[in-house]
Amino acid sequence: MAFGDDVHTVMTTSLPSGILATTIQLAYSFAVIFTFPLQNFPSLEIACRSISSGLDGSCGSKTSLLQQRNVIASFLVCALAVIAVLTMESLDKVVSLMGSLVGCPLAFVFPPLIHNNLDSGLSSSRRVKNGIVSILGFVAMVLASVTTLLTW
């Protein structure tokens with residue numbers, strides 16, 4: 001059960017049949033359902049504000065920010081649900097792609113750039129080193145994304 005061809009991508013489906021496996025799967029399902037709003041709140045908030053600021057001038061009539069946010073958030077959550085259903089069988093590839101497209105920039109690209117902007121007293125050599133780390137992070141992002149897409 002620990003490794004080999006019989007182990008599925010989602011580990012809970014590799015558990016032997018029984019009440020313990022069913023309990024673990026049920027508990028995991030509840031954990032995912034109840035933490036989904038907490039996990040997605042920051043990104044939904046940023047996306048909703050960005051999209052609603054772009055829609056303000058183009059929609060004609062003024063709608064409240066709360067109404068726009070609800071519509072945009074509902075659309076984004078439904079889009080996530082559709083993506084989840086369509087990519088259910090290749091969860092490992094989706095996680096890998098999300099890690100490359102989101103994880104690499106968060107870990108390697110943005111922090112050095114933010115450091116360059118926040119500290120005005122940085123030496124030029126330190127700024128260059130930060131730039132090199134950002135470039136390497138971008139290259140890692142592209143390579144990981146391409147590798148994942150090629151193995152799909």
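Ser52 is buried, with a relative accessible area of 4%, where buried denotes under 20% relative accessible area, exposed over 50% and partly exposed the range in between (1.4 Å probe, protein chains only). The residue lies in helix H1 (residues 19-55); helices (H or I, at least four residues) and strands (E, at least two) are DSSP runs numbered from the N terminus. The model is predicted, so that local features require pLDDT of at least 70 and side-chain atom pairs count only at pLDDT 80 or more, while totals for chains, interfaces and linings use all residues. Residues are numbered from 1 along each chain as its sequence is written, and side-chain values use heavy atoms, with hydrogens and water left out.

Arg69, 17 residues from Ser52 in sequence, is 7.2 Å away in space, C-alpha to C-alpha. Arg69 belongs to helix H2 (residues 65-86) and is partly exposed, with a relative accessible area of 21%. Between Ser52 and Val71, which are 19 residues apart along the chain, the C-alpha separation is 9.9 Å.

Overall, the protein contains 4 helices and 0 strands, giving the pattern α-α-α-α along the sequence. Of its 152 residues, 18% are buried.

Helix H3 (residues 91-118) packs with helix H4 (residues 124-150) at an angle of about 170°, the axes being 8 Å apart. Axes are lines fitted to C-alpha atoms, for helices over the stretch in contact, and angles between N-to-C directions run from 0 to 180 degrees. H3 and H4 are therefore roughly antiparallel (over 145 degrees; under 35 is roughly parallel, 65 to 115 roughly perpendicular and the rest oblique). Their contact comprises 14 nonpolar, 10 polar and 3 charged residues, with Ala, Val, Leu, Ile, Met, Phe, Trp, Tyr, Cys and Pro classed as nonpolar, Asp, Glu, Lys and Arg as charged, and the others, Gly among them, as polar.

Phe110, located in helix H3, is partly exposed, with a relative accessible area of 41%.
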